[in-house]
Amino acid sequence: MSKPSRCRALQMQVALLLVLLLAASLLPAGDAASGFCAGKCAVRCARSRAKRGACMKYCGLCCEECACVPTGRSGSRDECPCYRDMLTAGPRKRPKCP
């Protein structure tokens, strides 16, 4: 192989590596965590009939932030202080996480 063709092959390898790195950086972060959160939140929100969609949404947001979800529906919030202590914005400051 001549020197120009080796140089061209190296340039192609570098270009391919850069494209792969760019593609990887565009993937959503935390896919493993969202599977964890989806399972934990499904258990936590199972009894929430009318507001199950809202429960799953806010539980998922809280889980992604805190990396934990308390077991059960209520009374076990001390298992995850971050989840317990998140509050809504605004003057009323209600608990954000279901």
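This is a predicted model: local features need pLDDT of at least 70, side-chain atom pairs count only at pLDDT 80 or more; totals for chains, interfaces and linings use all residues.
Figure 1. In α3, the buried residues are Cys55, Cys59, Gly60, Cys62, Cys63 and Cys66. The helix covers residues 52–66, a run of 15 residues. From its first C-alpha to its last, α3 reaches 20 Å, close to the 21 Å expected at 1.5 Å a residue. Just after α3 comes Ala67, which takes a positive phi of about 60°.

**Figure 2. The disulfide between Cys37 and Cys63.** The sulfur atoms of Cys37 and Cys63 are joined at an S to S distance of 2.1 Å. The torsion about this S-S bond is -80°, and the link of Cys37 and Cys63 is left-handed.

**Figure 3. The disulfide between Cys41 and Cys59.** Cys41 and Cys59 are linked through their sulfur atoms, S to S 2.1 Å. Is the link of Cys41 and Cys59 left-handed or right-handed? With -85° about the S-S bond, the link is left-handed. Cys41 sits in helix α2 and Cys59 in helix α3, so this pair ties together parts that are 18 residues apart in sequence. Cys41 and Cys59 are both buried.

**Figure 4. The disulfide between Cys68 and Cys80.** In this disulfide, the sulfur atoms of Cys68 and Cys80 are 1.8 Å apart. The torsion about the S-S bond of Cys68 and Cys80 is about 55°, so the disulfide is right-handed. Cys68 and Cys80 each lie in the loop between α3 and α4 (81–85), so the pair ties together parts that are 12 residues apart in sequence. Cys80 is buried, because its relative accessibility is 1%.

**Figure 5. The disulfide pairing of the protein.** How many disulfides does the count come to? The count comes to six disulfides. When the bonded cysteines are numbered in sequence order, they pair as 1-7, 2-5, 3-4, 6-12, 8-11 and 9-10. Another cysteine to look at is Cys7, which is partly exposed because its relative accessible area is 42%.

Figure 6. Side chains of opposite charge can pair when their charged atoms come close. The side chain of Arg84 meets that of Asp78 in a salt bridge, with 2.8 Å from N to O. Arg84 also forms a salt bridge with Asp85, where the closest N and O atoms are 2.8 Å apart. Through shared partners, these salt bridges join Asp78, Arg84 and Asp85 into one network. The count for the protein comes to two salt bridges. Is Asp78 buried or exposed? Asp78 is exposed, because its relative accessible area is 60%. Arg84 has 30% relative accessibility and so counts as partly exposed. Asp85 counts as partly exposed too, because its relative accessibility is 48%.

**Figure 7. A nonpolar patch on the surface.** Which residues form the nonpolar patch? The patch is made of Leu10, Val14, Leu17, Leu18 and Leu21. Together these residues have about 490 Å² of accessible area. One of them, Leu18, is found in helix α1, which covers residues 3–26. Leu18 counts as exposed because its relative accessibility is 54%, and the cut-off for exposed is over 50%.

**Figure 8. The protein as a whole.** The protein contains four helices and zero strands. Read along the sequence, its pattern is α-α-α-α. Of the 98 residues, 19% count as buried. The protein exposes about 7300 Å², and carbon and sulfur atoms supply 64% of that area. Among contacts with a separation of 6 or more, 36% are between residues 24 or more positions apart.

How values were computed: Residues are numbered from 1 along each chain as its sequence is written. Side-chain values use heavy atoms; hydrogens and water are left out. Patches are made of residues with over 30% relative accessible area and no salt bridge: like charges are joined within 9 Å, nonpolar side chains (Val, Leu, Ile, Met, Phe, Trp, Tyr) within 5 Å. Accessible areas come from the Shrake-Rupley method with a 1.4 Å probe; for residues, only the protein chains shown count as cover. A salt bridge is a side-chain nitrogen of Lys or Arg within 4 Å of a carboxyl oxygen of Asp or Glu. Helices (H or I, at least four residues) and strands (E, at least two) are DSSP runs, numbered from the N terminus. Buried means under 20% relative accessible area, exposed over 50%, partly exposed in between (1.4 Å probe, protein chains only). The expected span of a helix is 1.5 Å times one less than its number of residues. A disulfide is a pair of cysteine sulfur atoms within 2.5 Å. Contact means heavy atoms within 4.5 Å.
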